[in-house]
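Biologist: Before I rely on any picture of a protein, I would like to learn how to read it with some care. Could we go through one together, feature by feature?

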Amino acid sequence: MIQALEATNLGKRYGKDWALRDCTLKLPIGRVAGLVGPNGAGKTTLLHLAMGLLEPSTGSVQVLGIAPRQNSSTILPRIGFVAQERPLYRTFSVKDMLTVGQKLNPHWDMDLALERLANLSIPLNRTTGKLSGGQQAQVALVMALAKRPEMLILDEPIANLDPLARYEFQQTLMDAVAQGGLTVLFSSHLIADLDRICDYLIILSASRVQVASDVESLLKTHKRLIGPRERKASVARTHAILQERSSERQSNLLIRLNGPVLDPAWEVQEASLEDIILAYLALKSAVPFSVQHKDTQEVAS
Amino acid sequence: MDTEKPVIEFYLDQRSGVSPYMQLVQQVKHALRLGYLKEGDQLPTMRMVVSRLAINPNTVFKAYRELEYEGLVESRPGQGTFVRKTLADASLASHGELRQGLIKWLQEAEAAGLDEESIAALFVSTFQQFHKREEIA
């Protein structure tokens, strides 16, 4: 089956340093995937590899079933891309930007662009340099959407926006997803927003993939356990402990389940998506691939 | 259709720790229990919820599907999602009296010197024990 994004042992090395390594994952079509990880974890590298802007050092990557580096003229019209710097010509008016977009893109949907900008009350005659940060982000997003892409790649598009502008950007994004036929992959540090926005999550840390999974199954397979500290070892035998906070007697564990928790001494609580992400981000070293979530194991096999 | 005021206005509490999907389900059930939502009422369209809450459309779909699975709503193709069954039923009539009973109990608890947190803790733990006993029985 064709995936929106499929990476196999994908790696990128600069000299001796790996920006990304052993990256194996699948992102199914139609998902909204959040890509999180600390600075320098390889998020932008992965996105640039997916866009065909970089040559892989190892492995391979396919977007919509196509190797992007070798087939850029086929794949680029099908991808909408918004970089954090929101590349707009600052002296151009919004209308001029749309004209540029129309000239450069064969499937350009001018009606869609005009309608969305009108809904957002963004003046077409204003030069983009004079727009607020939120409006610039919206124009960049609308430009990407007007290409009628099958895949939208966003590199921290809202990192430096105020909360309201962020929310409005997400509204435009979710509205576009609701119209169907779109896969979204976006990197973000704003993990509190992710459980509202994404249904798929990719966590990179230490240049490796820690998680690439459906959010629903991630929530099902990760729990918080509260119970007697002396029984911790028996938990560790079956499950993977990602995070531990213990007092003298009591332990509070965030675990990845490997079967049911049978010991009644442990109180099992739901873990929030934010808790799970933070636990993975805090891991100092990569958790061996073999104990990763089964979705990703299937990918590996 | 979108100009009409929706029968229920969803909101999301991002600090609650409850998943957005579950929050939507719970808000509908809450409204059904208290009689704010009645049989035949139309839930807001998915598009409407998505653009108001800036929420993933799949989440709204999942919440509506769960409510449908529980028999509380039905989706009519091309029309929308409608309430099939209220949860208030006969029990709604007794809410007033039960509330009076609770108020009386709260007054007694206060008179006995319990503060708000102790009252809440006592209620929750009693409630949980009560449920556990039901499960065993």
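Biologist: What pLDDT does chain A average, and what share of the residues score at least 70?

Modeller: This is a predicted model, in which local features need pLDDT of at least 70 and side-chain atom pairs count only at pLDDT 80 or more, while totals for chains, interfaces and linings use all residues. Residues are numbered from 1 along each chain as its sequence is written, and chains are lettered from A and ligands numbered from 1 in the order in which they are written. pLDDT is the predictor's confidence in each residue, from 0 to 100; chain A averages 88, and 94% of the residues score at least 70.

Biologist: Where in chain A does pLDDT stay under 50?

Modeller: Where pLDDT is low, the predicted coordinates should not be read in detail. In chain A that applies to residues 288-301, where pLDDT stays under 50.

Biologist: In what order do the strands of the open sheet in chain A lie?

Modeller: Strands of a sheet pair through backbone hydrogen bonds, either parallel or antiparallel. Here strands are DSSP runs (E, at least two residues; helices are H or I, at least four), numbered from the N terminus, and two strands pair if DSSP finds at least two bridges between them. In chain A, 6 strands form an open sheet with mixed pairing, in the order β5-β6-β7-β3-β8-β9. Strands β5 (79-82) and β9 (208-214) of chain A stand at the edges with a single partner strand each, so one side of each has no neighbour in the sheet. Within this sheet, β3 (residues 32-36) and β8 (residues 200-205) of chain A run parallel and are joined by 4 bridges, with A:Ala33 standing opposite A:Tyr200.

Biologist: How many residues of chain A are in contact with chain B?

Modeller: Two residues are in contact if their C-beta atoms, placed from the backbone, lie within 7 Å; by that rule 16 residues of chain A are in contact with 14 residues of chain B. The largest share of the side of chain A that touches chain B, 7 residues, comes from α6(A).

Biologist: At what angle do α6(A) and helix α2 of chain B pack?

Modeller: Two packed helices are described by the angle between their axes and the distance between the axes. Axes are lines fitted to C-alpha atoms, for helices over the stretch in contact, and angles run from 0 to 180 degrees between N-to-C directions. For α6(A) and α2 (residues 46-53) of chain B, the angle is about 160° and the axes are 7 Å apart. The two helices α6(A) and α2(B) are therefore roughly antiparallel (an angle over 145 degrees).

Note on methods
Angles under 35 degrees count as roughly parallel, over 145 as roughly antiparallel, 65 to 115 as roughly perpendicular and the rest as oblique.
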